[in-house]
Amino acid sequence: MPFTPFHMGPGILIKAILQGSFSLMVFGWAQIIMDIQPLLVILTGEGALHGFSHTYIGASLLAIVAALSGKYLSESGLIFLGIAKKNNPIRIAWWIVFSSAFIGTFSHVFLDSIMHSDVEPFFPVNLENNMLGIITISQLHKFCLYSGLVGAGFYYVIQILINKQAKAANPNA
Ligand SMILES: [Zn+2]
């Protein structure tokens, strides 16, 4: 991990760009699944901190886990957060579930490989981590934070424009 919530920043920016073609809930669920291994290692003091989960092969497997376990969980989450109504639930299409999960786990490995020397993103082909330190940890955290803030602003501006357009097209609605 960087602290898991930091991963949400770029996710919010991707949501702003892709809107309904991207599930931020599934993306967020994938972040949690990715950091189960480091969390267990921190709690038990055993094993490699990031290990297999933080390789692109591990991330591909965990993306499938996140997608299969995340679809219905995310649909319930949207109702819980009040974004969808119980009598009018949002169904997240499987292709969106899978692409959001893969974007989630791959971006996670990418960001973590910049700040953690023990991450081996290209295991077993290459054990070097040549992403390490391409930007400083403080720059990385700022990038995550600002991409979230910019993404949130951008998201709402686009939502307002979409609603305006819908109203213009159908003024009686
Ligand atoms: Zn991590």
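The chain has six helices and zero strands. Helices here are DSSP runs of H or I with at least four residues, strands are runs of E with at least two, and both are numbered from the N terminus. Read in order, the pattern is α-α-α-α-α-α. The model is predicted, so local features need pLDDT of at least 70 and side-chain atom pairs count only at pLDDT 80 or more, while totals for chains, interfaces and linings use all residues. Residues are numbered from 1 along each chain as its sequence is written, and side-chain values use heavy atoms, with hydrogens and water left out.

Along the principal axes, the C-alpha atoms fill a box of roughly 60 × 30 × 30 Å. The chain has 173 residues, and 37% of them count as buried. Buried means under 20% relative accessible area, exposed means over 50%, and partly exposed lies in between, using a 1.4 Å probe and protein chains only. Now take contacts, defined as heavy atoms within 4.5 Å. Among those between residues at least 6 apart in sequence, 67% join residues at least 24 apart.

Next, the helix pairs. Two packed helices are described by the angle between their axes and the distance between the axes. Axes are lines fitted to C-alpha atoms, for helices over the stretch in contact, and angles run from 0 to 180 degrees between N-to-C directions.

Helix α1 spans residues 8-18, and helix α6 spans residues 137-169. Their axes come within 7 Å and cross at roughly 25°. That makes α1 roughly parallel to α6. Angles under 35 degrees count as roughly parallel, over 145 as roughly antiparallel, 65 to 115 as roughly perpendicular, and the rest as oblique. The crossing of α1 and α6 is left-handed: the near helix is turned anticlockwise from the far one by less than a right angle, whereas clockwise would be right-handed. The α1 side of the contact includes Gly 9, Pro 10, Ile 12 and Leu 13. The α6 side includes Phe 143, Cys 144, Ser 147 and Tyr 155. By class, this contact of α1 with α6 has twelve nonpolar, four polar and one charged residues. Ala, Val, Leu, Ile, Met, Phe, Trp, Tyr, Cys and Pro count as nonpolar; Asp, Glu, Lys and Arg as charged; the others, Gly among them, as polar.

Look at Leu 13, in helix α1. Leu 13 is partly exposed, with a relative accessible area of 26%. Leaving aside neighbours within four places in sequence, Leu 13 is in contact with Ser 147, Val 150 and Gly 151. Leu 13 and Tyr 155 are 142 residues apart in sequence, yet 7.8 Å apart in space, C-alpha to C-alpha.

Turn to α4 and α5. They pack at about 140°, with axes 8 Å apart. They are therefore oblique to each other. Their crossing is right-handed. Contact residues include Tyr 56, Ala 59 and Ala 63 of α4, and Trp 94, Ala 101 and Phe 102 of α5. The contact of α4 with α5 has 17 nonpolar, two polar and one charged residues. Ala 63 touches Ala 101, Phe 102 and Thr 105, not counting residues up to four places away in sequence.

Finally, the interior. A nonpolar core is a set of buried Ala, Val, Leu, Ile, Met, Phe, Trp, Tyr and Cys residues joined through side-chain atoms within 4.5 Å. The largest one has twelve residues, among them Val 26, Ala 63, Leu 78 and Ala 101. Helices α2 (24-34), α4 (56-80) and α5 (94-115) each supply at least two of its residues. The largest share, four residues, comes from α4. Apart from this core lies another, of six residues, including Leu 111, Met 115, Met 131 and Cys 144.
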